[in-house]
Amino acid sequence: RTLKTRCDGQQPCDNCLSRKRDCKYLPSRRGGARVKKNVRTISHHTGLDGKHQRECLVPNRPLELPIESFITPGAGLRHVPDAFEQGSLVLDEMSFSRLLSSLESQVSSQVTPLVRMCPSNQAILEAYYIYVHPFFPILPPPRSTPADLTVSSTDNSVPPFKPSSPLALAIAAVIALIPCAEEGDYQSVQSVMSRRKFSQYLARSAVEIIENDASDAVDPSDALAAAERDCGSRFHPEVPQEYEEVIALNLLSFYEYAQMGNLKKSKARSGQALVAALDLDLHACPEDDIDIEVKARVWWMTYIAATQAAIVSNTVPNPMLFASTVTTRNPTLRSDVLAYGAFIDAQRLLLRCTRFAGELVSAVRANADLSHLGSQMIEMDGQVERALTVAESQILQGETSTPLDLNEQVVSRALWCMSRIKLNSARIKIHRYCAFTDDPLFSGKYCDLNPRSVTQLSSTPDQSQSADKSILELLSTTIDLFPFTRDQSSTTCLTCAFSIAQTFNDLPLPNPVGQWAAEPSHLASFLSILAPRMVPSLACCAMQCTYVLAKVIERIQPTVSNADHQPVNPAIESFVTRLKLGLRSISVVFDNYALAFEALGGMRGMF
């Protein structure tokens, strides 16, 4: 205790291991081990000790939750503790070696965890183009087909490469979450913990560099020399160094959401990126600017990250995103000049439908005037339907396993697929209230639909029934204001859910091999594990699809499982089979996301 090690009470203690100390922990009379508040709370409710707490964050354990919980903000996200929450990180050889020693100390005689590392900046850039760029194209296109140059390592005898750019660190943090192809038991607690700790180290180092740069003042007399140094120290030869922090913060926003399960930090990172982009005037780039394409990609993908954080957390986005001063044109692809614009428009419509759903909930709860909702819903539904017609009429380029090249055909395919998924999700949000009015949905603050969990939290059955009755009374007076019938909206929701499930099958997968193949790409030729998509911006849409399919199955269940043992109509059996196949497709999506991201593993567990 005098060394201020902050022992966590475990055997062995992580903090003592990282400092190569013999742990002799004695409980403090002032409160015990330094256990995080959230872990202490979970332990109090579950009765698990710290060791089992960490293990329960890794496996995929099913959660018994109502169907409505699939669409709450951050539904299914599993919180992952920060291994470096206390103290500061310094990116030097000593701290790097201590980290690797800590990872190796966890190795047992039976299991040898491996960590995916990048031996150079070029390896990091190539990994970005393979795993990130098809789904979040914020950098210029690659000059050639990228190759996976990452290495699997547990040996610290050779000093690993230490990136100095926050962008390189942010990319490396994401790539480190991908299991190593050579590892047999990549889902073991030791393996997941090794990847988690190494990845968190890189992510935190990136944040520290950004924060240190923000606090350092630049002497005006050194401005010219700094500009000259910038050209030689760029992570990407076509991207000015001052843009790297913006791009890094955008990637870290998705990292906080998908890996750490922290919606608050995710929005904070995207907010930082937006402020930095505005300071650089990326939102007002003239058409004749020599770097217009680079600036357009950075600005509009910053827009995507900021609005995505607002959508998944059901919060109001920064109004500067929609200011009249935003004049930067949409980015383009050599193979497709429309894909970026369609993707941005789809995100804008999804955000608008999300905000409409939240406002509708607030209005119903406040017993406000809802007479204007009918025309607004018709207008929004028409806009989404027209955009969806355009998106679904596009012929997708390439295949799901097409390698990335200068023409970016696989990026075009991904952008159109993501546009379809987002637009179908937006249309579900418009119609879901009419489709599922048989449930007391408006009973708490949630993403865009309020589950009946408030009745489950009631202290007595009478209170539960009273809350249920009041909610249903509100719905009965509201449903007449909707311009769609229950059957019409149910059909629309189901059509959109089927479309989402099918489009996920058309969405590309990373291609680490760099060669075209008829089958989907795998982490290695000798593995059956599909390469994970490393920017899971569609997880919320997948949960919307799951909700609709599950609600329809729940609705027709009495017809299928009849008490009289009468033969079931073959058409109904076929319909149920199609519903379950749709759920299976979405389950595969979450399996792919959870291969790398721990927080999203909770969504897979909900199945």
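Me: With which side chain does the side chain of Glu 408 make a polar contact?

Reply: A polar contact is a pair of N or O atoms within 3.5 Å, where, within protein, one must be able to donate a hydrogen and the other to accept it, and residues adjacent in sequence count only if both atoms are side-chain atoms. Here the side chain of Glu 408 makes such a contact with the side chain of His 133, at 2.7 Å. This is a predicted model, in which local features need pLDDT of at least 70 and side-chain atom pairs count only at pLDDT 80 or more, while totals for chains, interfaces and linings use all residues. Residues are numbered from 1 along each chain as its sequence is written, and side-chain values use heavy atoms, with hydrogens and water left out.

Me: Is Glu 408 buried or exposed?

Reply: Buried means under 20% relative accessible area, exposed over 50%, and partly exposed in between, with a 1.4 Å probe and protein chains only. Glu 408 has 1% relative accessibility and therefore counts as buried.

Me: Which residues of helix H6 are buried?

Reply: Helices are DSSP runs (H or I, at least four residues), numbered from the N terminus. Helix H6, residues 166-175, is mostly covered, since ten of its ten residues are buried, among them Pro 166, Leu 167 and Ile 175. At the start of H6, a side-chain oxygen of Ser 165 comes within 3.2 Å of the backbone nitrogen of Leu 167.

Me: Where in the chain is Glu 408 placed?

Reply: Glu 408 lies in the loop between helix H13 (373-393) and helix H14 (409-435).

Notes:
Helices (H or I, at least four residues) and strands (E, at least two) are DSSP runs, numbered from the N terminus.
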